[in-house]
Amino acid sequence: MNPYMLIGSAIGTVEAAALSQRLAAWHDAMVMHERRLRVGRINHGCGDECAHGEARALWAEAVATFGRRAHDLSFLRSRAMTVAGPCESGAGSASSGLSPA
Ligand SMILES: [Zn+2]
(Lines give C-alpha, C1' and ligand atoms only; values in the text may rest on other atoms or scores of the structure.)
Protein backbone atom coordinates (compact mmCIF):
# COMPACT_ATOMS: atom_id res chain seq x y z
CA MET A 1 0.00 0.00 0.00
CA ASN A 2 1.40 3.37 -0.95
CA PRO A 3 1.62 6.31 1.47
CA TYR A 4 -1.23 8.14 -0.23
CA MET A 5 -3.64 5.27 0.27
CA LEU A 6 -2.43 4.88 3.85
CA ILE A 7 -3.27 8.47 4.66
CA GLY A 8 -6.52 8.29 2.75
CA SER A 9 -7.68 5.29 4.73
CA ALA A 10 -6.43 6.83 7.97
CA ILE A 11 -8.56 9.91 7.39
CA GLY A 12 -11.43 7.72 6.29
CA THR A 13 -13.55 10.19 4.36
CA VAL A 14 -14.74 9.83 0.78
CA GLU A 15 -12.84 12.99 -0.15
CA ALA A 16 -9.62 11.66 1.35
CA ALA A 17 -9.96 8.36 -0.50
CA ALA A 18 -10.59 10.12 -3.80
CA LEU A 19 -7.71 12.51 -3.30
CA SER A 20 -5.31 9.73 -2.35
CA GLN A 21 -6.12 7.93 -5.58
CA ARG A 22 -5.38 11.07 -7.58
CA LEU A 23 -2.16 11.60 -5.64
CA ALA A 24 -1.03 8.05 -6.32
CA ALA A 25 -1.71 8.51 -10.03
CA TRP A 26 0.13 11.84 -9.97
CA HIS A 27 3.09 10.21 -8.21
CA ASP A 28 3.48 7.66 -11.01
CA ALA A 29 3.16 10.37 -13.64
CA MET A 30 5.72 12.51 -11.85
CA VAL A 31 8.23 9.69 -11.59
CA MET A 32 7.92 9.01 -15.30
CA HIS A 33 8.04 12.70 -16.09
CA GLU A 34 11.26 13.18 -14.13
CA ARG A 35 12.76 10.12 -15.74
CA ARG A 36 12.06 11.52 -19.18
CA LEU A 37 13.55 14.86 -18.19
CA ARG A 38 16.65 13.12 -16.92
CA VAL A 39 17.27 11.22 -20.13
CA GLY A 40 16.64 14.36 -22.12
CA ARG A 41 13.59 13.29 -24.04
CA ILE A 42 11.83 16.51 -23.11
CA ASN A 43 14.50 18.91 -24.24
CA HIS A 44 12.18 21.85 -24.72
CA GLY A 45 11.24 21.87 -21.05
CA CYS A 46 7.90 20.98 -19.56
CA GLY A 47 4.55 22.05 -20.89
CA ASP A 48 1.67 23.54 -19.01
CA GLU A 49 0.11 20.19 -18.31
CA CYS A 50 3.14 18.49 -16.84
CA ALA A 51 3.18 16.89 -13.42
CA HIS A 52 5.28 19.72 -11.97
CA GLY A 53 2.45 22.19 -12.41
CA GLU A 54 -0.01 19.82 -10.78
CA ALA A 55 2.17 19.33 -7.73
CA ARG A 56 1.34 22.65 -6.13
CA ALA A 57 -2.40 22.33 -6.65
CA LEU A 58 -2.39 18.79 -5.32
CA TRP A 59 -0.28 19.77 -2.34
CA ALA A 60 -2.76 22.51 -1.45
CA GLU A 61 -5.56 19.98 -1.70
CA ALA A 62 -3.64 17.48 0.37
CA VAL A 63 -3.07 20.02 3.16
CA ALA A 64 -6.73 20.99 3.10
CA THR A 65 -7.90 17.39 3.14
CA PHE A 66 -5.25 15.58 5.21
CA GLY A 67 -4.19 18.39 7.53
CA ARG A 68 -0.88 17.78 9.28
CA ARG A 69 -0.65 14.29 7.83
CA ALA A 70 -0.02 15.80 4.42
CA HIS A 71 3.50 16.58 5.59
CA ASP A 72 4.26 12.87 5.59
CA LEU A 73 4.00 12.97 1.81
CA SER A 74 7.56 14.14 1.32
CA PHE A 75 7.65 13.37 -2.40
CA LEU A 76 4.62 15.53 -3.10
CA ARG A 77 5.75 18.24 -0.71
CA SER A 78 9.23 18.52 -2.17
CA ARG A 79 7.84 18.80 -5.71
CA ALA A 80 5.31 21.39 -4.63
CA MET A 81 8.00 23.46 -2.89
CA THR A 82 10.28 23.37 -5.91
CA VAL A 83 8.61 26.31 -7.55
CA ALA A 84 11.53 26.95 -9.87
CA GLY A 85 11.40 23.54 -11.48
CA PRO A 86 12.38 22.87 -15.08
CA CYS A 87 8.93 23.97 -16.20
CA GLU A 88 9.17 27.33 -14.55
CA SER A 89 12.31 28.54 -16.27
CA GLY A 90 11.38 31.62 -18.22
CA ALA A 91 7.80 31.72 -16.98
CA GLY A 92 7.29 35.30 -15.89
CA SER A 93 7.48 35.25 -12.14
CA ALA A 94 10.12 37.95 -11.81
CA SER A 95 7.78 40.86 -12.37
CA SER A 96 6.18 41.29 -8.96
CA GLY A 97 8.98 40.69 -6.47
CA LEU A 98 10.49 44.14 -6.14
CA SER A 99 9.20 45.47 -2.86
CA PRO A 100 11.82 47.56 -1.03
CA ALA A 101 12.39 46.12 2.41
ZN1 LIG B 1 7.60 19.30 -15.56
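L76 is in contact (C-beta atoms, placed from the backbone, within 7 Å) with L23, A55, L58, W59 and A62, leaving aside residues up to four places away in sequence. The model is a predicted one, in which local features need pLDDT of at least 70 and side-chain atom pairs count only at pLDDT 80 or more, while totals for chains, interfaces and linings use all residues. Residues are numbered from 1 along each chain as its sequence is written.

L76 also belongs, with L23, L58 and A62, to the residues with the most contacts inside the largest nonpolar core, which has 16 residues. Such a core is a set of buried Ala, Val, Leu, Ile, Met, Phe, Trp, Tyr and Cys residues joined through C-beta atoms within 7 Å. Two or more residues of this core come from each of α1, α2, α3 and α4 (74-81). A residue is termed buried if 20 or more other C-beta atoms lie within 10 Å of its own, exposed if 12 or fewer, and partly exposed in between, with C-beta atoms placed from the backbone. By this criterion, 25% of the 101 residues of the protein are buried.

The protein has four helices and zero strands, giving the pattern α-α-α-α along the sequence. Helices (H or I, at least four residues) and strands (E, at least two) are DSSP runs, numbered from the N terminus. Of the contacts between residues at least 6 apart in sequence, 57% link residues at least 24 apart.

In helix α1 (residues 3-11), the buried residues are Y4, I7 and G8. They lie on the same side of α1 because they cover an arc of only 100° around the axis, the arc being that of the directions from the helix axis to the C-beta atoms. S9 and A10, on the other side of α1, are exposed. The buried residues of α1 pack against α2 (14-38) and α3 (51-66). Just after α1, G12 adopts a positive phi of about 85°.

The axes of α2 and α3 come within 10 Å and cross at roughly 155°. Axes are lines fitted to C-alpha atoms, for helices over the stretch in contact, and angles run from 0 to 180 degrees between N-to-C directions. The two helices, α2 and α3, are therefore roughly antiparallel, a term for angles over 145 degrees. From α2, the residues E15, A16, L19, R22, L23, W26, A29, M30 and H33 meet A51, E54, L58, E61, A62, T65 and F66 of α3.

Terms used
Contact = placed C-beta atoms within 7 Å. Parallel < 35°, antiparallel > 145°, perpendicular 65-115°, else oblique.
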